[in-house]
Amino acid sequence: MLLSDAEIERYARQLVMPELGEAGQAKLRAARILVLGAGGLGAPVLAGLAGAGVGQLTIIDDDVVDITNLNRQFIHQTSDLSATKTKSADDFIRQLNPNISVTCQQVRFDAQNAHKLATGHDLVIDCTDNPETRYLANAVCQQLGTPLIFGGAVRSDGQITSFVPNDANSPCLRCIFPHTDLDYDQAPNCANAGILGSTTMVIGGLQTAEALKIIAGFGTPLIGRLLLYDGLANSFTEIEVAPNPACPVCGNK
Ligand SMILES: [Zn+2]
């Protein structure tokens, strides 16, 4: 038997799915996933991964819980106000599933520490809202050959895709968004444009699905496909995205 009796009971409702099964669950248990950001997208992602039994989670966030976070960041409680988001997220996961090993990094993911922090993970999930951090995570994941699940959410709109460096059909972030010289302060963000909790739950839920599929090896990941979510119409649009052979990050692979 690959799993203990306790694991078979806890994960019964997903183990019964033939595409997962005990072998897939054992892969989830062995997986090491880095989640960048414990905010709007990080909340559903961390809850989903911990509930599903992903064995090792690393959380990077340098922020503290603010009252304005609580319309959408449901792993944090009113009693967590002013606590670090990593501590609050760790507390939530411990309550949900004490079998998960959580490593908290209360730091900003930057050019100095990014490579070291990302090393040793099977998958990275971008749950940030900062373009500089996104491009940095993309470059580091390409260097390490680590899959990266990209997600973004603002107002009632979102987008998601997966970048898998060893897949010839997979672009990287820089292939599909080549302009890194945007005025970051002018880009719409949750503070200046607004955000619904429903939007982050949809995109974070899809990021979780991508992670489970890529780790356990079932289904069809969003490789070469950018999925756009329109929450006002509740509709999805899929755009084909291809690798750019001239991409300065992933070109000539
Ligand atoms: Zn690229």
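Trainee: How many of the six residues of strand β8 are buried?
Mentor: The model is predicted, so keep that in mind throughout. A residue is called buried if 20 or more other C-beta atoms lie within 10 Å of its own. By that count, zero of the six residues of β8 (residues 235-240) are buried, and the strand is hardly covered.

Trainee: Which strand in the sheet is mostly covered?
Mentor: Strand β6, residues 157-163, is mostly covered, with five of its seven residues buried.

Trainee: In what order do the eight strands form the sheet?
Mentor: Start with the general idea. Strands of a sheet pair through backbone hydrogen bonds, either parallel or antiparallel. In this model the order is β3-β2-β1-β4-β5-β6-β7-β8, the sheet is open, and the pairing is mixed. Strands β3 (101-105) and β8 stand at the edges with a single partner strand each, so one side of each has no neighbour in the sheet. From one strand to the next, the twist averages 15°.

Trainee: How do β5 and β6 run, and how many bridges join them?
Mentor: They run antiparallel, with seven bridges between them. L148 has F163 in β6 as its bridge partner. The two strands form a hairpin with two residues between them, and R155 in that turn has a positive phi of about 50°.

Trainee: Where does a positive phi turn up between β7 and β8?
Mentor: The general idea is this. Most residues other than glycine have a negative phi, and most peptide bonds are trans. The hairpin of β7 and β8 has four residues between the strands, and N234 takes a positive phi near 50° there. N234 is a residue other than glycine. N234 counts as exposed because it has 10 C-beta neighbours inside 10 Å.

Trainee: What is the phi of S82?
Mentor: S82 is not a glycine, yet its phi is positive, at about 75°. S82 lies in the loop between β2 (56-60) and α5. With 9 C-beta neighbours inside 10 Å, S82 counts as exposed.

Trainee: Is F92 buried or exposed?
Mentor: F92 counts as buried because it has 21 C-beta neighbours inside 10 Å. F92 is found in helix α5. F92 also shows how sequence and space can be read together: Q77 is 15 residues apart from F92 in sequence and 9.1 Å apart in space, C-alpha to C-alpha.

Trainee: At what angle do the axes of α4 and α5 cross?
Mentor: Helix α4 (residues 42-52) and helix α5 (residues 85-96) have axes that come within 10 Å and cross at roughly 30°. That makes the two helices roughly parallel, because angles under 35 degrees count as such. The crossing is right-handed. L46, A47, A50 and G51 of α4 make the contact with A89, I93 and L96 of α5. By class, this contact has six nonpolar residues, one polar and no charged.

Trainee: At what angle do α4 and α10 pack?
Mentor: The angle between α4 and α10 (residues 197-216) is about 40°, and their axes are 8 Å apart. The two helices are therefore oblique to each other. Their crossing is right-handed. On the α4 side are A43, P44, V45, G48, L49 and A52, which meet T200, M201, G204, G205, Q207, T208, A211 and L212 in α10. By class, the contact of α4 with α10 has eight nonpolar, six polar and no charged residues.

Notes:
Residues numbered from 1 in each chain as written. Predicted model: local features only at pLDDT ≥ 70, side-chain atom pairs only at ≥ 80, totals over all residues. Buried ≥ 20, exposed ≤ 12 C-beta atoms within 10 Å, placed from the backbone. Pairing = 2+ DSSP bridges. Axes fitted to C-alpha atoms, helices over the stretch in contact; angles between N-to-C directions. Parallel < 35°, antiparallel > 145°, perpendicular 65-115°, else oblique. Left-handed = near helix turned anticlockwise from the far one by under 90°. Contact = placed C-beta atoms within 7 Å. Nonpolar A, V, L, I, M, F, W, Y, C, P; charged D, E, K, R; others polar.
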